[in-house]
Structure formats: C-alpha cells, structure tokens
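Welcome! Take a moment with the sequence and the 3D view, and then we can walk through them together.

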Amino acid sequence: MNALLAAAPALPLHEAGKYVAGAFVVFVAIVLIYVAIMAVRLQRMSRELNELNTAVEARERAEAAKQAEAASR
Amino acid sequence: MRPSMALLRKDLLLERRAPEAIPAMLLFSVTTFVLFHFGLGRDTLSGQLAAGVLTVTLLFAAILGINRLFVSEQEEGGFDGVMLAPIDRTALFLAKAAALFLFLALVEVVTVAAFALLLLGPSPWPALPGLILILALLDGALALVGTLVSALAIRTRARDLIVPIVALPLLVPALIAAARGAAPLLAASGAGSIPTKWLAILALYDLVFGLLAYAVFDFLLED
Amino acid sequence: MYGKGLRALSLATFAAVTATFALVFFYAPLDADQGFIQKIFYVHVPVAIVTLCAYIVGAIFAALHLKTRDRRWDLRSYVVIHIALIFNIVGLLTGAIWAKASWGHWWVWDEPTLVSFLIVFLLFATYQPLRFSIEDPERQARYASVFAIMAGAFVPLNFAAVRAASPFVHPRVLGTANGGLPGSMAFVFVCALTAIGLLFALLVSYEIAAKQTRWQLRALRRRLLGGDAVAPLGRSAAPALGAPERPSGPAAGPARGGGRGSHPAEAAS
Amino acid sequence: MDATPAIELRGLARRYGERWALDDVTVDVPAGATLVVFGPNGAGKSTLLRVLATLLRPHAGEARVLGSPLPDRAWDVRGRVGLLAHEALLYRDLSARENLRFHARLHRVAQARVEELLERLRLGGRADDPVRTLSKGLLQRVAVCRAVLHDPPLLLLDEPRANLDPAAAALIEPLIGRASGRTRVVTSHDPAGGLAEADYALGLRDGRVALSAPAERIEHAAIEELYR
C-alpha cells in the first residue's frame with residue numbers, strides 16, 4: 001500500500017483543494033437539501049393548521065351567533 | 001420435527017405432481033451458460049472466471065426457485081390451512097428451507113455436469129469433492145435466506161420484484177465466499193485446495209442467517 | 001411536547017460541526033503521506049462509521065418493535081434507516097472523491113470499506129420499496145422490522161467477507177504516517193466523529209418530530225372536521241403512526257394494546 | 001351444556017389499516033350452541049371467523065375461545081377449531097386423499113379417519129383426482145372433510161352451503177349441522193335458513209353489532225333490515 005501511495009505522491013495544494021472542497025461541499029449540500037425539504041414540510045403543515053384554525057373560528061362564530069339569537073328571544 | 005417432515009413431503013409431492021421450480025431452474029441455468037459462452041466469447045473457462053460463472057448462474061437460478069417457494073401456500077386461501085394446525089410456525093420454515101435445499105441440490109447435479117461439458121476447461125473430477133462441499137454450503141445459504149425472503153415477499157404487491165432486489169444483495173457475502181473458494185478448484189493448472197477462510201465465512205453466514213431467519217420467521221406469519 | 005431537547009441538540013450540533021470544521025482546517029496537521037487530501041478523511045470516515053452504527057441501531061429498534069409490538073419503535077427504526085441511507089450516499093460520494101484524489105480513479109475495488117459500503121447501500125436501498133409494496137400498515141411495520149434485523153446482521157458479516165476478498169488491505173489513515181495517528185489528528189478525528197454523530201441524532205429527532213406532528217395534525221383534523229375531511233391514507237413507505245379513533249370510542253371493553261401504544265399523543269412522553 | 005361459554009367476546013375490535021373491520025363486538029356462545037352471523041358483504045363476518053380461528057389477532061377488547069384468551073394462548077385453541085372458509089384451503093395439484101392425509105399428519109390424526117370421511121361423503125370415486133379438477137360442490141365436500149378431520153369441538157363455517165345442491169347439503173349435515181353436537185359459528189345471507197338453525201343471532205353492519213339476540217326473539221324483517 002505504501003508503494004501505491006509513493007506512486008501517487010501528495011497532490012499539490014491547489015490540486016488537492018479542489019477535491020477536499022468537493023467532499024465538504026457534498027456533505028454540506030446534502031444537509032442543506034434536507035433543511036430545504038424540512039422547510040417545505042413545515043410550510044405545508046402551517047397551511048394545514050391555518051385551515052383548521054379558520055374552520056374552528058367559523059364554528060365558534062356560528063355558535064356565538066346562535067347563542068346571541070337565543071338570548072335575544 | 002414430525003410436522004416439518006409432513007410439510008416437506010407435501011412440497012416434494014407437489015413438485016412431482018406439478019413440476020414448476022426445478023425444470024425452470026434447470027433450463028435457466030443451461031441457457032445462461034450458452035449466453036456466457038457468447039457474452040464472454042470464450043469456449044472454455046477456468047479458475048476464477050469459471051467459478052464466478054458457475055456460482056452467479058446458480059444464484060440467479062435460485063432466485064427463480066425462491067420466487068415460487070410459497071406460491072402453493074398463497075394460492076388457495078393463504079397459509080391458513082397450515083396455520084390452523086397445532087404446529088410450530090418454524091416447522092414451516094424448516095420444511096420450506098429443506099425443500100429449497102433439495103431442489104437446489106437436484107438442479108446442481110445436472111447444472112454442474114452441463115457446465116463441465118459446455119464451458120469448463122480443466123477436468124471436473126479432481127475438483128468434485130471440494131465443489132460438492134462449497135455448493136452444499138452455498139445451497140444452505142440460498143435455502144435459509146431464500147426461504148425468509150420468499151416469505152417476506154409473498155404477500156407484498158410486487159413479489160417478483162422484491163425477491164431479487166432483496167435477496168441478491170443479502171447473498172453477496174455467500175457468493176463472494178463461494179466464488180473465491182471454488183476458484184482454486186477449477187484452476188487450469190489442476191485443482192488446488194480451498195482456502196479455509198472461505199469455508200469459514202460460508203459456514204458462519206449459514207449459521208448466523210439460519211439462526212436469525214429461524215428466530216424472526218414467526219413474525220412474517222402472524223396477522 | 002416531543003420537541004423537548006431539540007433546541008439544545010441543535011445548538012450542540014451546530015457548535016460541534018463548526019468547531020470541527022475549524023479544527024480540521026486550522027489545527028489538524030498536514031498528513032505526511034497524503035498532504036491536504038487527507039482532510040477528506042475527517043468527513044468521510046466519521047460519516048461511514050456513523051452510517052454503519054446507525055444501521056445496527058435501526059436493527060435493534062426493529063427487534064424492540066417485534067418484541068414489544070409498540071409501533072413507535074418501528075417509526076424510530078424507519079427514521080434511523082432513512083437518515084442512515086442519506087449518510088450512506090454522503091459516505092459513498094466523499095469516498096469516491098477521496099479515491100479520485102488519492103489514486104486517480106473514482107472507484108477502486110481494492111478498498112474493502114468502500115466496496116462493502118456500496119453493498120450495504122444496495123441492500124438498505126430496498127428497505128423503502130419493500131415497505132412501499134405492503135399496504136396494511138401493521139404488516140408493513142412487521143415485515144420491515146424483519147428485514148431490518150436481517151440487514152443489520154448483514155452489515156458486519158458483509159464487511160468481513162469483502163475484506164477477506166481484498167488482495168491487500170488498504171491502511172486506514174489511522175495506521176499510516178509515523179506508525180500511528182498523531183495525537184492532534186486523533187483529537188480532531190474524535191471531534192469530527194462526535195459532530196457527525198450529533199448531526200445524525202439531530203436529523204433523526206427532527207424527522208421523528210415532523211412525522212409525529214403530521215399525525216397529530218391529521219388526528220386533529222379528524223376530530224374537528226370529521227373523518228371525511230381526512231384524505232384516506234395513500235400507499236406510503238413511511239410508517240403509519242396513529243391508529244384511527246374507533247367509532248365506538250375507547251370506552252368499550254378494557255382495551256388491550258389496540259391503538260393505544262401507537263397514539264401520537266402518547267408518543268410524546 | 002357446559003357452564004363456561006365456548007366463546008366470550010368483550011368489545012372485540014380489529015382493524016385493517018385505518019378501517020375498523022370489527023368494532024366493539026360483544027357476544028357469548030354457550031358450548032354446543034349455534035351462533036349465526038348475518039350481515040352484508042364487508043360487514044366483518046369473515047374477519048370475525050378469522051379472529052376466532054386465531055388467524056387474526058384482535059386489536060382491542062377481549063376474546064376467549066374454548067376457555068383460552070386470545071391472542072396470548074392462541075396455541076391452545078389451534079387444533080381445536082375447524083374452519084370452513086370461502087377458499088377450500090386445499091392444494092390444487094394434490095388429490096383429495098393426499099390433501100386430507102397431509103392435514104391428518106399435521107393434526108396427528110390417524111389415517112383411517114381420512115378414509116372414513118371420504119367414505120361418508122361419497123368421495124371415493126374422485127378421491128385420487130387433483131382437486132383442481134373437482135366441481136365447486138365436490139370441492140366443498142372435501143373442504144368439509146378437512147374442517148372436521150380432527151373432530152374439533154368448535155366449528156367456524158363461512159356460508160357452508162353456498163355451492164351445494166340439496167343432496168350434498170344433506171350429506172354434510174351430520175358433520176357440520178346441529179346434529180354434530182359441536183359449538184358452531186355460521187355466517188349466512190339467508191334469513192330463513194339461517195334463523196332456523198340458530199340459537200343466537202348476531203347482525204353486523206360496518207363491523208359493529210347491529211343486532212344480537214336469541215334466535216326465537218328475532219324476526220325476519222330485522223335481519224332483512226341489515227342488508228338495506
């Protein structure tokens with residue numbers, strides 16, 4: 001194995017930097033993609049929550065109106 | 001043990017009454033040898049190449065058998081008939097694994113002969129005892145893992161897709177050991193001996209996956 | 001709430017990852033043989049180690065699921081394997097880059113770790129299709145657990161077989177240079193391993209929290225708007241969490257296990 | 001009749017995915033009695049039989065069959081129930097005799113019992129043909145043999161007479177009818193015929209109990225109502 005390494009001597013820094021950067025970019029990029037997917041999911045959930053909120057509010061308003069009507073009689 | 005024997009006898013009887021798996025595996029293997037002849041552009045093979053062609057062909061042929069293993073149980077009302085009987089569910093595992101092992105062994109008698117006739121360069125006779133040992137261990141791996149994968153796939157929607165994609169990677173270690181172990185046996189310079197490490201890996205594989213599959217098989221049947 | 005500890009874990013992960021990056025580039029010494037290239041080692045190897053450990057952890061969770069019949073273990077097993085697959089891809093890509101930088105080829109077959117890493121990936125990549133092809137959520141969970149246990153045992157066995165098949169064993173950086181890893185390198189490596197382990201745990205926690213929130217939302221929707229407002233479960237590879245509420249309510253009979261253990265509200269504790 | 005009921009169900013429930021196929025089913029069946037289960041297709045009749053046969057685990061509630069709680073002691077129940085399902089549960093490429101011999105081995109029953117049953121159901125002539133060549137009526141007769149092979153104290157019958165002509169129905173009557181003296185759970189779509197053989201009747205709709213009473217207190221109309 002050392003023989004093989006000797007045959008492929010340490011690359012000069014500017015050459016090596018490309019690969020090292022590549023490896024770290026792959027790592028960071030995948031984490032960021034995951035964050036983006038999370039963001040999309042969060043958006044969907046908050047949209048759904050909004051929908052439920054409106055439904056509850058509508059129901060409460062209807063309830064209040066009904067009570068007001070009953071009280072006025 | 002007795003229920004396993006009854007189940008095994010039933011499977012053998014079924015294969016005799018309506019032969020499905022064995023003829024298909026046989027035809028598939030011999031056809032694959034012909035394909036390898038043209039694909040590789042070689043008239044005779046020896047050493048690692050011969051061992052690889054033989055074991056990979058057997059592996060693919062085994063996939064056919066694994067696919068069919070539980071079909072007879074599934075066709076008429078699922079496993080219910082067997083499940084209603086007061087027997088251990090693992091008896092079914094043992095019986096199916098034994099049936100698959102026997103099918104594979106039977107197929108290999110013909111397939112190895114065909115291989116020796118069609119493709120193998122060196123004489124097969126000196127290699128035979130070692131080859132039998134390696135193939136028996138490989139069949140053990142194929143039978144144990146194959147039975148579990150077959151039961152896993154039988155009640156999924158895409159049975160015929162699930163079996164190969166799950167079984168093939170799962171069997172890679174067994175194939176590595178069998179192909180590398182058989183290589184010196186088929187060497188052009190005359191049959192060498194099998195490095196013990198390959199036998200050890202095959203035996204370890206059989207043992208570990210045999211015990212594991214035996215332990216988890218129950219969970220595939222309860223509903 | 002199940003989000004408890006998530007913030008602390010997030011901060012710890014952020015700190016650890018940042019510190020590790022700083023250490024890798026400004027503190028760790030240049031490797032005697034490989035030079036700057038060796039920096040890849042600080043991301044590739046920890047990712048690989050964490051991935052393999054995660055597969056085994058996934059198998060343990062799957063065994064717990066079968067043992068306790070508690071569907072939350074199936075969820076954990078699923079998420080751990082899911083994130084491990086993503087890490088596996090990172091490991092394969094960084095490994096390929098390292099191979100290219102060191103030996104000039106994107107793939108080398110005489111690197112047993114990398115090869116067995118590929119085989120393990122191929123096996124675990126079938127986990128999702130398997131789940132997807134089973135519609136009944138209970139059976140899906142059980143079958144997936146059986147698969148995960150087999151696959152977990154496969155990881156070390158496969159590694160042994162591939163390693164035995166390699167013509168020579170490639171020395172990990174831990175073994176090169178001056179006959180052992182210099183102390184400063186070992187320190188940075190341990191930091192990197194911790195950071196990536198924390199990152200893995202964080203992603204798993206996020207994913208589980210997200211899944212549970214979605215199911216709670218679904219249950220809430222069912223309660224507020226009735227069963228018709230909830231879209232029927234489509235086919236999915238992801239575990240179905242909450243058992244639906246029974247039309248008759250849970251009062252009927254002393255409920256044994258049914259639906260209880262897997263209720264998302266209880267998954268919080 | 002025995003004092004302990006052969007079947008005790010308390011709030012039994014079973015779901016498939018998100019759908020509750022059985023929900024809150026409570027019923028007792030004394031030993032030796034016949035329970036007839038009515039209900040439209042998909043009401044949960046077959047699911048109920050499969051739970052009682054230990055083929056499906058209950059998801060909630062309690063179930064005791066022949067004194068053993070399910071699913072914990074399903075083992076004790078297995079081998080003491082006979083299930084006659086929609087499918088014959090026979091291997092198509094084996095003959096009736098081979099199928100029955102196989103099941104006799106699994107149940108540790110003497111092979112003579114197989115011959116006796118083949119004789120009683122007048123299957124002798126076709127006993128060695130593959131069962132895939134048999135007509136539906138003949139197949140059902142073989143399936144009856146399979147269900148009663150081990151002389152189970154509890155019979156679970158899913159529309160047992162669906163494919164039978166009157167002669168064949170009469171032939172199987174001593175084995176699976178009231179005269180057999182076994183506890184029976186029978187599903188039926190036929191209000192008149194079903195009520196005639198029932199001690200108790202259970203009506204299911206969407207997995208829930210819609211009707212549950214001794215047979216003599218039930219009118220046809222109530223059963224026909226189930227199917228509306």
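**A guided tour in questions and answers**

Q: With 22 C-beta neighbours inside 10 Å, is D:Asp24 buried or exposed?
A: This is a predicted model, and a residue in it counts as buried if 20 or more other C-beta atoms lie within 10 Å of its own. D:Asp24 has 22 C-beta neighbours inside 10 Å, so D:Asp24 counts as buried.

Q: Where is D:Asp24 found, and what is its phi near?
A: D:Asp24 is found in strand β2 (residues 19–29) of chain D. The residue is not a glycine, yet its phi is positive. The value of phi for D:Asp24 is near 55°.

Q: How does D:Arg122 count: buried, partly exposed or exposed?
A: D:Arg122 also has a positive phi, of about 55°, although it is not a glycine. Its place is in the loop between α4 (111–120) and α5 (136–148) of chain D. The cut-offs are 20 or more neighbours for buried and 12 or fewer for exposed. D:Arg122 has 13 C-beta neighbours inside 10 Å, so it counts as partly exposed.

Q: Which peptide bond is cis, with omega near 0°?
A: Look in the loop between β5 (68–70) and α2 (74–77) of chain D, where D:Pro71 is found. The bond with omega near 0° runs from D:Leu70 to D:Pro71.

Q: In which sense do β6(D) and strand β7 (residues 154–158) of chain D pair, parallel or antiparallel?
A: Start with strand β6 (residues 81–84) of chain D, where D:Val81 and D:Leu83 point one way, D:Gly82 and D:Leu84 point the other way, and all are buried. In β7(D), D:Leu154 is the bridge partner of D:Val81. The two strands are joined over 4 bridges, and their sense is parallel.

Q: Over how many bridges do strand β9 (residues 200–205) of chain D and strand β10 (residues 208–214) of chain D pair?
A: Opposite D:Ala201 stands D:Ala213 in β10(D). The hairpin of β9(D) and β10(D) has 2 residues between the strands, and D:Asp206 takes a positive phi near 50° there. The strands pair in the antiparallel sense, and the number of bridges is 6.

Q: Where is confidence highest in chain D?
A: Chain D averages a pLDDT of 88, and 99% of the residues score at least 70. Confidence is lowest in helix α8 (residues 220–226) of chain D, at a mean of 81. It is highest, at 93, in helix α3 (residues 96–106) of chain D.

Q: Where does α6(B) bend?
A: Helix α6 (residues 89–118) of chain B has 30 residues, and 44 Å is expected at 1.5 Å a residue. From its first C-alpha to its last it reaches 43 Å, close to that expected span. The helix bends by about 30°, and the place is B:Glu108.

Q: Why does C:Ile81 count as buried?
A: C:Ile81 lies in helix α3 of chain C. Leaving out residues up to four places away in sequence, it touches C:Tyr55, C:Gly58, C:Phe124, C:Tyr127 and C:Ala148. C:Ala148 is 67 residues away along the chain, with 8.4 Å between the two C-alpha atoms. C:Ile81 is buried because the number of other C-beta atoms within 10 Å is 26.

Q: What share of the 269 residues in chain C is buried?
A: Chain C has 8 helices and 0 strands. Among its contacts between residues at least 6 apart in sequence, 78% join residues at least 24 apart. The buried share of chain C is 47%.

Q: What share of the 73 residues in chain A is buried?
A: The secondary structure of chain A comes to 2 helices and 0 strands. Buried residues make up 8%.

Q: Which chains have the most contacts between them?
A: Chain A and chain B do not touch, with their nearest C-alpha atoms 22 Å apart. No contact joins chain A and chain D either, and their closest C-alpha atoms lie 21 Å apart. Of the 4 pairs of chains that touch, the most contacts are between chains A and C.

Q: Which element gives the largest share of the side of chain B that touches chain D?
A: This contact takes 20 residues from chain B and 22 residues from chain D. On chain B, the elements giving two or more residues are α1 (2–17), α4 (71–75) and α5 (80–83). The largest share, 6 residues, comes from α1(B).

Methods:
Residues numbered from 1 in each chain as written. Chains lettered and ligands numbered in written order. Predicted model: local features only at pLDDT ≥ 70, side-chain atom pairs only at ≥ 80, totals over all residues. Contact = placed C-beta atoms within 7 Å. Expected span 1.5 Å × (residues − 1). Bend = angle between axes of the 7 residues up to and from the residue. Pairing = 2+ DSSP bridges. pLDDT = per-residue confidence, 0-100.
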